[in-house]
Amino acid sequence: MSKWDNMYLDLCEKILNEGKLHHNRTGDDTLRILGHNFEFNVGEEFPILSVKQVGIKGPVIELLWIYQKQSIDVSWLRERGVTIWDEWEVDADGIYRQDGSYRNIGKEFAGTIGTAYGYIAKKFQWPQKTIEEIKNNPNSRRNIIDLWQPAYFDTAVLPPCVYSSQFIVDGDTLHIRVTQRSCDVGLGLPYNVTQYAAFLCMIAQVTGLKPGKMLYQITDTHIYCKHIPQIKKLIERREQAKPAPKLWVNPEIKDFFQFDNSRELKDIKLIGYEHLGKVPMEVSI
């Protein structure tokens with residue numbers, strides 16, 4: 001069993017046992033706890049669940065969409081088989097309707113998610129500045145990617161859930177601290193943990209460092225009530241969980257913007273990934 005499988009299932013059990021019922025903007029109630037922290041040594045064991053199939057392509061392609069392509073175009077993701085943003089796509093007339101809010105985001109943002117994520121990454125030149133800071137000022141304690149930019153929220157379909165990443169250099173090792181304001185433990189957390197662990201590995205490689213710790217902090221930590229049967233199924237799989245796989249990052253790539261972002265994702269692979277199959281869950285908008 002991987003360490004991440006164990007930590008994840010422990011959190012699921014904690015929320016089921018201690019979580020309080022919470023009403024929220026989606027209309028789908030949750031059980032939630034406030035505040036939860038994980039610590040991973042990504043250099044020793046790559047975190048990806050085996051109690052359910054997660055895969056590497058979806059998380060990394062979305063990551064590259066945000067930080068490499070710096071795009072908000074939902075069709076770019078669909079062309080690569082990633083559909084997780086379809087429910088947040090602005091309609092052709094510039095109106096966002098999926099959540100019933102009928103917000104006018106603007107016709108110029110048709111087919112996008114508005115001024116969030118990749119828009120902010122491009123506006124503030126992240127991770128370009130991050131990479132340069134790691135190379136030129138490795139002792140910095142201020143190397144932070146901050147996607148939380150309220151000035152752009154009026155034309156953003158959804159403000160970022162994972163909104164902050166801080167990179168810390170210690171000798172020949174690179175560490176990251178990830179901060180998430182709100183976390184759907186059933187659907188989002190497995191995806192985001194794997195995604196930012198891969199981000200650490202990629203940034204470490206292009207800056208000539210080794211990947212180290214990922215410190216992961218969540219505030220509103222919740223399970224949607226409609227996901228409880230599936231979460232219990234995952235918990236029942238604990239004894240069948242598999243060992244962690246290895247992440248292969250193409251050693252020839254020395255520039256973050258040269259990683260392959262095609263549907264094939266040629267430069268990022270999992271080696272020895274065994275899992276217990278998919279457990280579908282319905283997204284809340």
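**Core**

I looked up the largest nonpolar core, which has 90 residues; Tyr8, Tyr67, Leu189, Phe199, Met214, Tyr216 and Phe256 have the most contacts inside it. Helix α6 (residues 188–206) gives the most to this core, with 13 residues. I take a nonpolar core as a set of buried Ala, Val, Leu, Ile, Met, Phe, Trp, Tyr and Cys residues joined through side-chain atoms within 4.5 Å. Buried is under 20% relative accessible area, exposed over 50%, and partly exposed in between (1.4 Å probe, protein chains only). Helices (H or I, at least four residues) and strands (E, at least two) are DSSP runs, numbered from the N terminus.

**Basis**

This is a predicted model, in which local features need pLDDT of at least 70 and side-chain atom pairs count only at pLDDT 80 or more, while totals for chains, interfaces and linings use all residues. Residues are numbered from 1 along each chain as its sequence is written, and side-chain values use heavy atoms, leaving out hydrogens and water.

**Strands**

I noted that β5 (residues 144–146) pairs with β6 (residues 162–170) in the antiparallel sense over 3 bridges; pairing requires at least two DSSP bridges. Ile144 stands opposite Gln166 in β6. β6 also pairs with β7 (residues 173–184), antiparallel over 8 bridges, and Val162 stands opposite Gln180 in β7.

**Helix α5**

I found Thr130, Ile131 and Ile134 to be the buried residues of α5 (residues 128–136). They lie on the same side of α5 because they cover an arc of only 95° around the axis, taken from the directions from the helix axis to the C-beta atoms. The buried residues of α5 pack against β5, β6, β7 and α6, with contact meaning heavy atoms within 4.5 Å.
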